[in-house]
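Thank you for asking for a note on this structure. The points below are meant for someone who is opening it for the first time.

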Amino acid sequence: QVQLVESGGGLVQAGGSLRLSCAASGNTGSINAIGWYRQAPGKQRELVAVISNGDSTNYANSVKGRFTISRDNAKNMVSLQMNSLKPEDTAVYYCKAVVAISTTQFQYWGQGTQVTVSS
């Protein structure tokens, strides 16, 4: 089992920055990849950024060059630095961890943190 707690959301003006953090606990040594997803009202949840155990990263095209994902294994923490924020970045941001055991994948989600970007 893995528990995830997000923090750092809030209200910011367009062009501003926010830093989200996700603290992982439990069986963190079994995490294969961890990342951020977001869900805006009336829309499906979508990938924002993910980082694997090998530190390879993947970003949604809409955030490339503006967002940076990083992890601190010693602190069991993953962060998302969000710069040049746009109103369309407004959403609830969720942290997700993937644990692969043999051929089975388990997904764990945090409770989410609201990010609101005003124009």
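1. Basis of the note. This is a predicted model, in which local features need pLDDT of at least 70 and side-chain atom pairs count only at pLDDT 80 or more, while totals for chains, interfaces and linings use all residues. Residues are numbered from 1 along each chain as its sequence is written, and side-chain values use heavy atoms, with hydrogens and water left out.

2. Salt bridges. A search of the whole structure gives three salt bridges, a salt bridge being a side-chain nitrogen of Lys or Arg within 4 Å of a carboxyl oxygen of Asp or Glu. One of them joins the side chains of Glu 46 and Arg 38, with 2.7 Å from N to O. Glu 46 is partly exposed at a relative accessible area of 37%, whereas Arg 38 is buried at 6%; here buried means under 20% relative accessible area, exposed means over 50%, and partly exposed lies in between, with a 1.4 Å probe and protein chains only.

3. The bridge between Asp 89 and Arg 38. The closest N and O atoms of this salt bridge are 2.9 Å apart. Asp 89 lies in the loop between β8 (77–82) and β9 (91–101) and Arg 38 in strand β4 (residues 31–39), so the pair ties together parts that are 51 residues apart in sequence. Strands (E, at least two residues) and helices (H or I, at least four) are DSSP runs, numbered from the N terminus. Both Asp 89 and Arg 38 are buried.

4. The bridge between Arg 66 and Asp 89. In this salt bridge the closest N and O atoms are 2.8 Å apart. The pair links distant parts of the chain, since Arg 66 is in the loop between β6 (57–59) and β7 (67–72) and Asp 89 is in the loop between β8 and β9, 23 residues apart. Arg 66 is buried, with a relative accessible area of 10%, and Asp 89 is buried as well, with a value of 1%. Through shared partners, the salt bridges join Arg 38, Glu 46, Arg 66 and Asp 89 into one network.

5. The surroundings of Asp 89. The side chain of Asp 89 makes a polar contact with the side chain of Arg 66 at 2.8 Å; a polar contact is a pair of N or O atoms within 3.5 Å where, within protein, one must be able to donate a hydrogen and the other to accept it, and residues adjacent in sequence count only if both atoms are side-chain atoms. A polar atom of the Asp 89 side chain also lies 2.8 Å from the backbone nitrogen of Lys 86. Not counting residues up to four places away in sequence, Asp 89 touches Arg 38, Arg 66, Phe 67, Ser 84, Val 115 and Val 117, where contact means heavy atoms within 4.5 Å.

6. β9 and strand β10 (residues 104–109) run antiparallel and are joined by six bridges; two strands pair if DSSP finds at least two bridges between them. Gln 105 in β10 is the bridge partner of Ala 100. The two strands form a hairpin with two residues between them, and Ser 102 in the turn has a positive phi of about 60°.

7. The nonpolar core. The largest nonpolar core has 31 residues, and those with the most contacts inside it are Leu 4, Trp 36, Leu 80, Met 82 and Tyr 93; such a core is a set of buried Ala, Val, Leu, Ile, Met, Phe, Trp, Tyr and Cys residues joined through side-chain atoms within 4.5 Å. The largest share of this core, five residues, comes from β9. Leaving aside neighbours within four places in sequence, the contacts of Leu 80 include Leu 18, Trp 36, Val 48, Phe 67, Ile 69 and Tyr 93.

8. Aromatic pairs. The structure holds two aromatic pairs. Tyr 37 and Trp 109 form an edge-to-face pair, 5.2 Å centre to centre with 70° between the planes. Rings of Phe, Tyr and Trp (its six-membered ring) pair if their centres lie within 6.5 Å, and planes under 30 degrees apart count as stacked, over 60 as edge-to-face and the rest as tilted. Tyr 37 is buried at 18% relative accessibility, while Trp 109 is partly exposed at 35%. Tyr 94 and Trp 109 form an edge-to-face pair too, 6.3 Å centre to centre with 85° between the planes.
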